[in-house]
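I opened the notebook to go through this model one site at a time. Entries follow in the order I looked things up.

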Amino acid sequence: MMEYLFGDPPEVSETKEIAPGIHWLRMPLPMALDHINLWLIEDGPGWTLIDTGLYSGLSRKIWRDVMDKRLGGRPLTRVICTHFHPDHVGMAGWLVEQTGAEFWMPREEWLYARVLTIDTGENFTEAMVAHYHRAGGSPEYLAKLRERGAFFAGIVSEVPRSIRRIRDGDSFEISGKAWRIVVGNGHSPEHACLLSEALGLFISGDLVLPRISPHIGVYADEPNGDPLRDYLETLEKFHALPDTASVLPSHNEPFRGLHERLGALQQHHAERLDAFAAACTAPATALDVAKQVFARRLDSAQLGFAIAETVAHLNYLTTENQIARHADGNGVYLYQRI
Ligand SMILES: [Zn+2]
């Protein structure tokens with residue numbers, strides 16, 4: 001049985017010690033998913049931090065408060081980012097600049113973060129618009145995307161120019177306790193999780209969340225990519241991790257019952273694949289399919305995620321030869337069950 005641990009989350013700017021030397025910090029996010037969990041670990045004379053929050057005035061204020069009041073006068077000495085998404089890497093550059101902390105990240109994740117903070121021009125936007133055009137986006141929707149443009153750099157502080165690279169299987173110590181990097185794929189290119197068998201803790205980042213299924217999406221950078229396959233392989237791989245570990249996820253609350261949750265996520269995607277295949281009985285665009293499967297009103301931000309998630313499932317089904325894709329006269333992709 002899945003079981004939630006450690007009670008209510010900490011209030012903003014407060015921390016909650018959930019195991020000796022392991023502290024839970026929550027940062028607000030200005031979206032439907034309104035928070036991210038960060039983990040502060042006492043580390044000899046300093047602190048190791050896992051993930052950082054979105055870059056904003058509010059995050060800077062909270063971080064100043066936390067550094068003044070919650071760290072016992074000890075500095076942040078190491079910042080580890082699990083992956084390149086803005087709620088995880090957003091404050092990293094700012095924190096590293098303020099504190100001189102070491103910056104650890106998987107190389108592919110760091111490269112994505114660097115590229116997306118630099119590649120902010122019109123060509124980036126046009127590639128994104130072309131992707132959503134192929135998916136069947138309406139001219140009004142594409143105009144909205146054009147207006148929004150490249151937004152990543154606005155919510156991420158300048159990403160540090162150097163990293164200590166972390167790789168799958170790397171071992172290291174925090175305050176004399178052994179930790180190991182466990183990399184998973186699909187949600188992002190090289191997402192790092194952290195396992196301490198000694199402490200019975202698994203910091204799962206966005207790869208295993210207790211109540212929502214991690215976003216698996218196809219974007220303009222790799223339109224024919226098959227990240228769902230990567231993610232399903234990761235779920236399979238994670239069954240080898242200890243079921244007894246307390247899972248510390250980036251969203252929602254810590255829990256125990258890793259294997260049950262992995263099974264539920266596998267089941268979720270199996271059902272979704274059936275639903276996506278069924279939605280392609282007649283030729284349909286990714287947008288048509290998304291509307292049918294998600295079956296609820298989606299605002300324009302949610303629509304982007306929904307289409308990306310839909311294309312991920314359609315690309316998987318295409319690779320499996322369950323559906324075929326062809327382009328219509330306007331370059332819009334139509335998917336149909338074989
Ligand atoms: Zn993420």
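**Entry 1: Leu 273**

I looked up the contacts of Leu 273 (heavy atoms within 4.5 Å) and left out residues up to four places away in sequence; Leu 273 touches Leu 228, His 313, Tyr 316 and Leu 317. The model is predicted: local features need pLDDT of at least 70, side-chain atom pairs count only at pLDDT 80 or more, and totals for chains, interfaces and linings use all residues. I number residues from 1 along each chain as its sequence is written, and side-chain values use heavy atoms, with hydrogens and water left out.

I placed Leu 273 in helix H8, residues 258-278. Helices (H or I, at least four residues) and strands (E, at least two) are DSSP runs, numbered from the N terminus. Leu 273 counts as buried because its relative accessible area is 11%; the cut-off is under 20%, with a 1.4 Å probe and protein chains only. I also checked Leu 199: its C-alpha atom is separated by 37 Å from that of Leu 273, 74 residues apart along the chain.

**Entry 2: Thr 285**

I found Thr 285 in the loop between H8 and helix H9 (286-294). Thr 285 is buried, with a relative accessible area of 11%. Not counting residues up to four places away in sequence, Thr 285 touches Ala 135, Gly 136, Val 332, Tyr 333, Leu 334 and Tyr 335.

**Entry 3: the zinc ion**

Which atoms coordinate the zinc ion? I read off His 83 (NE2), His 85 (ND1), His 187 (NE2) and Asp 206 (OD), at 2.1 to 2.2 Å. Donors are N, O and S atoms within 2.8 Å of the metal (3.2 Å for Na, K and Ca); water is not among the atoms, so sites may look incomplete. The donor residues are spaced H-x1-H-x101-H-x18-D. His 83 sits in the loop between strand E6 (76-80) and helix H2 (86-89), and Asp 206 in the loop between strand E12 (201-205) and helix H7 (227-238); this pair links distant parts of the chain, 123 residues apart. His 83 counts as buried at 0% relative accessibility, and Asp 206 at 4%.

**Entry 4: the cavity**

I counted 1 cavity of 30 Å³ or more. A cavity is a set of points on a 1 Å grid over the protein atoms alone where a 1.4 Å probe fits but cannot get out; lining residues have an atom within 4 Å of a point. The volume of the largest cavity is about 70 Å³. Its lining includes His 131, Arg 134, Val 311 and Tyr 333. Helix H5 (122-134), helix H10 (300-319) and strand E16 (333-337) each supply at least two lining residues.

Notes:
Buried means under 20% relative accessible area, exposed over 50%, partly exposed in between (1.4 Å probe, protein chains only). On a 1 Å grid over the protein atoms alone, a cavity is a set of points where a 1.4 Å probe fits but cannot get out, and a pocket is an open set with protein on both sides within 12 Å along at least five of seven lines; lining residues have an atom within 4 Å of a point. Grid points are joined across faces, edges and corners, and a volume is the space filled by probe spheres set on the points.
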